[in-house]
Every structure is written in structure tokens, then in C-alpha cells.
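Open the model in a viewer and keep the selection tool at hand. The stops below go from one selection to the next.

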Amino acid sequence: MFAYYLDLAVRSLKRNPVLTALMVLAIGLGIGASMTMITVLHVMSGDPLPGRSAKLFVPMLDPRTPDHAQAARAGARDTPDAFTFVDAMNLLREHRADAQAAMSSGSAAVTPADAGQHPFFANGQYVTADFFQMFGAPFDAGTGWTNAQDDARARVVVLNAGLARKLFGDASAVGKLVRLDNTEFRVIGVLRDWHPQPAFYAQHGARVFGGADQFFMPLQTAMELQLSFRGHFSCWGDGAESRTSDQCTWLQFWVELDNPVQVFAYGRYLDNYWRDQQAHGRFPRKDAPPHLFGLMAWLAHEHIIPDSLSMQMWLAVGFLAVCMLSVVALLLAKFLRRSGEISVRRAMGARRRDVFVQFGIESALIGTLGGLLGLAIAQFGLWSIRQRPDGYAHLAQMDVPMLFGTMLLAIAASVLAGLLPAWRACLVPPALQLKTQ
Amino acid sequence: MTEFKPILASLGRHKLIASLLALLVALTCAIVCNVAFMIQRQDALTSLPSGVAEDQLVLVESANLDRTANQLVRHDTDLAALRMIPGVESAAAVDALPFNGDNWTSSVQTSPDAQAYQLASLFNGTRGELGTLGLKLVAGRDFRADEYIPLDAGRGNEGIRHVATAIITKALAERLFPGQNPLGKSIYPYDNPIRVVGVVEHLLRPGVDAGADNDNSILFPMSPDTNSVTYLLRTAPGERARVMRQAADTLYRLDPDRVVRDPQTFVQLRADYFQREREMIGLLVASVIGLMFVTALGITGLANFWVLQRTRSIGIRRAVGARRADILRYFQTENFLIVTVGVVLGVLLAVGLNLLLMAHYPLPRLPLWYLPVGALALWVLGQLAILAPALRASRVPPVVATRSV
């Protein structure tokens, strides 16, 4: 029966090619637009460190004065998104988590060994020793540094594969010297092109998707050399605006906590730290106790996905709704015009269910065609998004689940759109329609 | 009014299709009103006046690698060489520019213990910054040569605690000193008073945001003494390309051990800054067109169906004396009625959608005048979409009435 209905559907669609084309176009446009945006959001909200992310946490303390917090809220930042150097160092020293690291983004001028080439800027991360092990950064060669080297402000650097290749070609970079901002650093490790998307560990900003950090060096070394830091540096009060002040936030701080017991214990520890510091006159905001964010919760809290993108997705979904409504109207018109044919079939013994299935198949056929068109439009949409200058642009690729999702959405939408018209069609009584013939 | 009656009676027999159409119009109206508002906001953002002579500026970022050198001397040497490039009218070293993203924001009060404050961006530059940028002074004067001090970046921009004078934008002056003459008044970014000596018409902050005080800017006579600085060159529009090329060469010739970032024109800086907004506008406009198109498709499709279904009744009406214009008007009025119902519903939906968006995104309230404009757009769209089927209906000959099918 299915083959017969399919044949009927094809005949019916061929009978009115313009109308069919318009319906397929409407579904295709709606599906294409929404699948483009859904795919973009899907790839952007992925887990940057699968398998590890559940153990990574961001403690957040609010050391600001109520005044400053209010001023910042006017700028749409209710909680601070960074640590002061003092708190970061305290938490590092007390060492209550399985691993902990403080970090900040920066950039340094790299002087190539070849004297004929001009120096160039590279983006990197100033971090403390636990960083590599905590985030499971894969080493191609060498290792990271130790806590002792952190304290000694050692001139050591870990390069990402891209910069190592650019500077030293295929030769091993470990043990070589590299000039960063006119200071010689010894390369002690090379990462295997590590760039989690998004770069969850950094301060959120324009660079959180896209470009990888090209080098990693000890935080206190970078501070001693006064290298350039990037990101928000937010101060309050009357103290000096220096990196070491306890009235300036700018560092990211991450901890690894392997099980719920430790998460609970670390929460307690933070509370105690907060109260203890309050006894010393810090943390004047009594209404802002410490908070411990999981990795994914932190990304959501930081609005890592631009608002404009999720708005575009809802717009696309709204567009799909309008397209579907339009297709419902067109299908209704198309099916009811065939009342005569329906009543003949009904008079010859077709049950309501048969008529319903017949028209359902016709709608599903339109949906499949529309879905195929939508798939093509979505591929075009994703291609055009890949041309955008944003860091997330290169992520805009459709994976297999999204591919199936698109077709499923298209067929589901069109069957849904066909339900009402098919139901109306199967209500056509046999006799009455025959009389008017 | 009398002609509405038969239409309403006929619509009563097609409740389902009529309400589908009204729903379609309502949904489109709601989305289009909100999207039009978003387009307007993005457009307002991208067309903000920066206050600077945009088409005459070239900028070059340079970073010396020798941090032990006296950076002020290095910058002066660089500037002297840059001014020698033919076509360069003036040059200055600055630490912030509209659209360059390097934003030093501070709260500013009118007395050290005032509760009220404004958030403003601080701009520092060498002598001649005002003239090179081409800022329009609307009151007061430019800085005097003896007012310049170093920024003292190495010690947390300590210069801000010693600087004596400032030039502020008109917008900031109006917010800090409403209804008063700001000249001679003191502002307090920190605890020390800084006297306002001039007011410029506009100077956009280094980063702008829809709905923010984008023109809250303060200029200080402080020379940047960081190793990395932006050189600003003023030149005739036609000379920009050549000046850019020569600027990079000049800087490298003076000292090859530095990083010169791609020189660019201010026009390019602005275009890059707003690329995302421009794409967003394109996308939003495309979606409005798409929505309108699909809605028109639905209306036309259904109208065609109705015309075919009613061919006999049209014939009968024609046979009993209705003119072609009457038939045309019948379909137009019918469409008008349906679209009106949809528009009324759509206006309510638009407001609801706006409230929903406001709850989840930093968006302001939809100005009410968007609603009648959106409604008008859909009425026009409805009439255009119905025209072809309605004309076809009006051409149905009276003789149809006598045929059986």
C-alpha cells in the first residue's frame, strides 16, 4: 500500500509543480535557517575537556567593596570573574585541592632565531605548575615545570606545537632557547597542538574560541619581567593599581576535585577562608559568600556563547514556525481541493484511516524534499558562518548527529504540518461530495 | 459596513483556514516588529559618531623590545621620524582610540566623597593629540605644553594622581555638571582634583555597547610611557596608503628590534570593529524578507484555493449583477479583515515576545511606534499577496454560474 500511496503522492505533487516547489522551498528555508543556528550553538556548547570537565572547578570570591560591585553591576557584571593575586597565592600555598593553578592571558614578542626576520607577537598563558597535569595538556616532548621553579621565577617555557614548528622546524625544540620580550627562555616542553574549544580556562573574551595559546610560562616570571597581560584588570579602593595588589582582580583560578567529598570539603575550606579574611578586614561584601562553579556551569555563567548567537537561533526557530504555518495552509488548500477524489475513494471503500495515511505520506514526501533542500541551505549557511571573523567560525561544521537531526526535524515538521490537513481531508464524507459532482 | 456581512458569513464557514491565516500574520507581525527594532539598534550603534577625523587618520602600533630604555625618548624619536614622512600633517602617540578596545575605564566624581559617579574611558596622549585626532573643541582650550607629564605606567599609571587638567566630552560634561559650565570645575577619577579646561563635541570610548554611555570620555595630558604604543598620523585621504607603507619602514629603520603591527587606516579599524554588527544587520534584514516572503506565499496559496473553490459563487454573483470591481473588492476586504485580526493578535504577541527577550537578553523595551508600522507593513503585504488571485477571481465570467461544475 505504501508504494501505491507514494506513487499517488508523486503524481499529485507533479500535477501542481509550482505549488509543490513553493512548499518545498518554505520548508527548506525554515529548516535550513534553524539547523544552521542550532548546529552553531551545538558545536559551541560542547564540552571542551570530555572526561575531565566534571572534576574541574572555579572557586569565586568577591573581594570588592559594595560600591565597586554596584558600579560593576551597572556594567552588567554582578560577580567578579577573576581573582586577586593575593587570594590566588594564598589558595595555591594552602594547597587544599588535588591540583590548583592560577593563570592569566598575555602576549609576548617572539624574536626568531633568523636575524633577517622581524619579531612578532604570540599569544600565550602565564600559569602555575599544576596547569598541565590538571587540564591533561598532552606533551609531545618534555614536561612542565615544578612549584619550586614557579617560586624561583624560572626562565622556562612550554611551547604549543604551532609556535615550536614556526621557530625550530621539525627539529626538537626541547632544550633550545627562545627570546620572548627580549628575555631568553629555555624550552622545557612542547604540547601536541593543544587548544580546547572554548579556551575555558582563560578570561572570557573575543579569543575564547579560535586561536590557541602558543606558549605557557610561569606566572611569577611574567610578573617579574612585566610582560604584557591581556584581559580585564579591575581595581577599586585607593591602593596602588599593581598586579600584586589585593584590590585588583585579574587572575583565573582553577582547582581539580576528584570526588563529591572533596568538592564539599573545598567548599567548606573556601567559606572558612572567606570568614578568616573578613576578620582581617577584607571581603566587605557580606552578602556575597564564596561560590564553587563546575566547568560547564562556569561557561554558562560567563556567557561564553554570545547572546547574539542564541538570539539568532530563536529567530531562526520563529522563522521555521512561520514557514510551517504557511505550509499547513498550503497543504490544507491542496488537500481540500481534492475533496472530489477523496469522496470517490471513500465511496469505493477506502477507510478514513486510508485517506489519512495517503495524505500523511504526501506531506512526508514534501517534508523529505524540503529537508534535503534545508540540508543544502544549512550547509550554505554554515559555510557563510565559517567566513565570519569570529573565533568560533571554524567550528561551524555539521556532524553526523546534526545531519540526522536535520532530516528528522524536516520530516517531523512536515508530517506535523500535514496532520491537520490530512485529518481534514479524511473527514470528507463520501456521499455529499459525490452529489455535487 | 454592509459589505462586511456576507464576508463574515462566508469566513464563518472557513474558520480553520481563516484562523490559520490570521495566526500566520500574527506570528510574522510579532517577529518582524522585534527584528526591526534589533536592526534599528544595531544600525544606531554602527553609525555612532566617533568625533575624530576618520578619513584622515592612519595608525601604527609599535612595541619596543627594550624595556629598560626611556620609552618617552623612544616615542619622541619615532614621532619625529614619522612627522618627516611626506604628507604627514601631524602625529601623536596615544594609548587609546575609539574602536581599538584598549579601554581604561574609571569612575569619575565631582567631589572626592560624592555618591554619584560616571563611568568614563580615559585617553592619554602626547602633545598634539587633540589636533591629530581632529577633535572638535566646543569650549575651553587644548592642553598647554607645560601641562604634559608622563603616564608612569611602570608604577600603576601613577601619573593620574598628579595630572592637573583634563578635557572631557560634551556628553560627560552634561552628565557630571548638568546645566552648568564645566570649564574650571574639578573632576575626581581618584582623590586628587583635576580641572576641566576644555570640552570636545564627541570622543567615542574604545569599546562601545548598545545602550551604554558611549561618549563618556576624558583626555589627559599624559604621555604614554609603555613600551607598546599606538602612533597616530594625520594625512590627506589620498595619501593614506603610501603613508602607511612608509610608516612601517621608517619605524623598522630606526630600530629593527621591535614589533610593528600591521598599519591600518582608522576607517579600517572602524569597519573591523563593527563587522559582526554589520553581518547581524544583514542577517536580520534577510530574515525579515524571508518571513514576509513565506507569509505572502501562504496568503497567496490560500487565496488561490478559495478562488477556485468559489468559482461558482463568483459566477452567480457576476450573473446577478456584481461588477468585476465588486468581486475584486470582496477578496481585498476579506483579506483585510483576516490580516486585521492577525495584526491585532500580532501586536499583542510582539509586546509579549519583547518582554520574553528582555527577560533573557540585555534588550530595552520595544518602542510602541514599531507596532503600527509593523501592522501597516502586514496590511500592505496582505493586499499585495491577494492581488493576483483576486484579479483572477474578478475575471471569472458570469456564464460559470450556469455550468454544473
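A nonpolar core is a set of buried Ala, Val, Leu, Ile, Met, Phe, Trp, Tyr and Cys residues joined through C-beta atoms within 7 Å; buried means that 20 or more other C-beta atoms lie within 10 Å of the residue's own, with C-beta atoms placed from the backbone. This is a predicted model, in which local features need pLDDT of at least 70, side-chain atom pairs count only at pLDDT 80 or more, and totals for chains, interfaces and linings use all residues. Residues are numbered from 1 along each chain as its sequence is written, and chains are lettered from A and ligands numbered from 1 in the order in which they are written.

Select Val157(A), Ala329(A), Leu21(B) and Cys29(B): of the 234 residues in the largest nonpolar core, these touch the most other members.

Stay on Cys29(B). Beyond its neighbours within four places in sequence, its contacts (C-beta atoms, placed from the backbone, within 7 Å) include Gly342(B), Val343(B), Ala350(B) and Leu378(B).

Next, select residues 240-254 of chain B, helix H6; helices (H or I, at least four residues) and strands (E, at least two) are DSSP runs, numbered from the N terminus. Among the buried residues of H6(B) are Val243(B), Met244(B) and Leu251(B). The buried residues of H6(B) pack against several elements of chain B, including strand S1 (57-64) and helix H3 (71-83).

Move to S1(B): 7 of its 8 residues are buried, so S1(B) is largely enclosed by the rest of the structure. S1(B) runs antiparallel to S12(B), joined by 7 bridges, and Glu61(B) has Thr230(B) as its bridge partner there. S1(B) also runs antiparallel to S13(B), with 6 bridges; select Ala63(B) to find Val259(B) opposite.

Terms used:
The expected span of a helix is 1.5 Å times one less than its number of residues. A residue is buried if 20 or more other C-beta atoms lie within 10 Å of its own, exposed if 12 or fewer, and partly exposed in between; C-beta atoms are placed from the backbone. Two residues are in contact if their C-beta atoms, placed from the backbone, lie within 7 Å. Two strands pair if DSSP finds at least two bridges between them.
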